[in-house]
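Hi,

Here is the structure I promised to pass on. Have a look at it first, and then read my notes below.

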Amino acid sequence: MLYDINLKITYGYEVPVSGGRHLVRVLPASIPGRQRLIAGSLTFQPTPGERSESVDFFANATTSILFRSVHEDLVIRMQARVQAEALALTADFSPPLEGLPSQLASSWSIDAESPHHFIGPSPLLPEAPEIAAYAREIAGDNMTVLQIGAAICERIHRDFAYDADATTVTTTPAEAFRLKRGVCQDFTHVMIVALRSLGIPAGYVSGFLRTLPPPGKERLEGADAMHAWVRFWCGTTGGWMELDPTNNIPAGTDHIVVGHGRDYGDVAPVIGVLKSYGSHTTEQAVDVVPVE
């Protein structure tokens with residue numbers, strides 16, 4: 001599938017901002033066998049005084065911008081053309097849950113793809129006893145890691161309601177779990193905590209979701225903004241698998257990856273600091289259109 005992606009993020013400040021430094025992660029990634037970034041551009045209004053491009057530890061493309069002049073708003077625009085490849089369907093080669101620790105112990109790598117980075121609590125995802133109990137209830141005897149992941153994904157989709165007004169970007173997984181409501185970030189964080197509580201390495205995927213559904217298909221939740229889903233490690237043979245708990249589907253050609261991380265904090269579209277006071281508003285518009 002070939003997609004044209006347009007993203008616009010607008011920040012409006014109550015009082016003029018006298019400076020600011022931000023890290024921006026919104027450009028789709030090129031991943032062998034998964035997707036290819038054919039062309040992409042990232043522009044800012046006003047133009048930053050300094051700009052530099054880099055790649056972070058998890059191989060996410062990161063743009064650093066610095067403003068010295070006073071400005072009343074900030075507009076970030078991203079345009080990209082991406083080719084998404086159909087993921088090969090394979091048999092379940094993941095071990096039963098009790099067999100995962102030995103496979104994890106045999107993995108000596110500590111690079112960005114190492115499961116060891118995704119096994120314990122992370123800055124935004126502390127342990128949550130109520131979510132751990134929920135996961136233990138779902139994970140039946142003799143289930144494989146992949147089966148457990150699929151069962152937790154289905155259960156979260158069934159038990160939680162998509163509600164853009166119920167939570168904020170700072171809502172914790174425990175709070176979202178008690179509400180049983182939220183957006184893709186909440187669904188993803190709860191599922192990651194649930195998987196990690198069972199000893200299954202799990203991480204956060206940030207990206208985009210096809211805006212226009214195929215003919216005869218329902219529109220997917222979360223398509224109007226950047227999306228999030230879960231990747232989890234299914235052992236040395238199974239490798240990393242991806243599931244979307246917001247829509248209870250495997251990640252496929254409708255899912256375009258921007259970045260990977262331990263939680264939202266590692267792949268937040270925009271983070272930074274600025275000199276100002278008062279409040280600000282944020283608007284985000286996303287358009288993911290298949291190219292005929």
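How much area is buried between domain 1 and domain 2? About 2100 Å², and carbon and sulfur atoms give 60% of that. Buried area here is the accessible area (1.4 Å probe) that two parts lose on being put together, summed over both.

Before the rest, some housekeeping: this is a predicted model, where local features need pLDDT of at least 70 and side-chain atom pairs count only at pLDDT 80 or more, while totals for chains, interfaces and linings use all residues. Residues are numbered from 1 along each chain as its sequence is written, and side-chain values use heavy atoms, with hydrogens and water left out.

At the interface, 26 residues of domain 1 are in contact with 30 of domain 2, contact being heavy atoms within 4.5 Å.

On the domain 1 side, R34, F58 and V288 lose the most area to domain 2, together 28% of what that side buries. R34 also makes a salt bridge with E242, with the closest N and O atoms 2.9 Å apart. (That term needs a side-chain nitrogen of Lys or Arg within 4 Å of a carboxyl oxygen of Asp or Glu.) The count between the two domains is one salt bridge.

Happy browsing!
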